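Open the structure in your viewer and keep the selection tool at hand.

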Amino acid sequence: RCATDVDVATPWVRQRIVGFRALERFLDAVEQNQVAVQGVTVMEQVGSTIRIRDGLTTNMDNILTKIPTVTTIKDEVQRGARRDLDRFIGIKFLPGILSQIEGQLSTTLKGYKNAEIISAYQGVQANTTADPGFIEVAAFFAPVFPVLQILVTFNLRTNLNAP
């Protein structure tokens, strides 16, 4: 997860774990599922390879909290917004500053979309607050979600030409 060629949206599932020779405890598929639904990241050994079977957090409340990459994406977007909006701190509050802040945050979010960290954003809006020294900025964004499973359905028919 620390490699420079791995971005924050890269799924944990199926990622190889290096630096270890073997897992000391093996769980069958039922036990792995029982552990995973409790919010534990489960690793498995396939031959000599150790990989992540289920990458999860301990907050299993919903899809936005249980997938670790969603949390890392959220953290990265927040860091990027703070970094890119920092240049506005300590300047004069002149007409047009709100639109400049909105433009900068839109540019930041567009960069994350182009980098495939987020899939979409909208509603970038900067507003004044009751305190004239503060500006409140809000936006919505959707993270890039990992593919975790593929469900395949086959339908048997005696004749493929029949409806």
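A residue counts as exposed when its relative accessible area is over 50%, and as buried when that area is under 20%. Keep in mind that this is a predicted model.

**Stop 1: a residue on the outside**

Select valine 152. You will find valine 152 in the segment after β5. Is valine 152 buried or exposed? Its relative accessibility is 51%, so valine 152 counts as exposed.

**Stop 2: two paired strands**

Select residues 135-143 for strand β5, then residues 118-128 for strand β4. How do these two strands run? They run antiparallel, and 8 bridges join them. Look for the hairpin next: 6 residues link β4 to β5.

Zoom in on single pairs. Pick glutamine 125 and look across to β5. Its bridge partner there is alanine 138. Then pick alanine 126. Opposite it, in β5, stands valine 137.

**Stop 3: an arginine in a strand**

Select residues 49-54. This is strand β3, and arginine 53 is part of it. Is arginine 53 buried or exposed? Its relative accessibility is 19%. That value is under the 20% cut-off, so arginine 53 counts as buried.

What does the side chain of arginine 53 reach? Show the side chain of glutamine 32 as well. A polar contact of 2.8 Å connects the two side chains.

Next, display the surroundings of arginine 53. Set aside the neighbours within four places in sequence. The residues in contact with arginine 53 are then Val13, Ala29, Gln32, Asn33, Val42, Met43 and Glu44.

**Stop 4: a glutamate in a helix**

Move to helix α3, residues 68-85, and select glutamate 76 within it. Glutamate 76 has a relative accessible area of 19%, so it is buried.

Which side chains make polar contacts with the side chain of glutamate 76? One is arginine 79, at 3.2 Å. Another is tyrosine 112, at 2.9 Å. Show both and trace each contact.

Finish with the wider surroundings. Leave aside neighbours within four places in sequence. Glutamate 76 is then in contact with Val8 and Tyr112.

Terms used. Residues numbered from 1 in each chain as written. Predicted model: local features only at pLDDT ≥ 70, side-chain atom pairs only at ≥ 80, totals over all residues. Heavy atoms only, no water. Pairing = 2+ DSSP bridges. Helix = DSSP H or I, 4+ residues; strand = E, 2+ residues; numbered from the N terminus. Buried < 20%, exposed > 50% of the residue type's maximum accessible area, 1.4 Å probe, protein only. Polar contact = N/O pair within 3.5 Å; in protein donor to acceptor, adjacent residues only side chain to side chain. Contact = heavy atoms within 4.5 Å.
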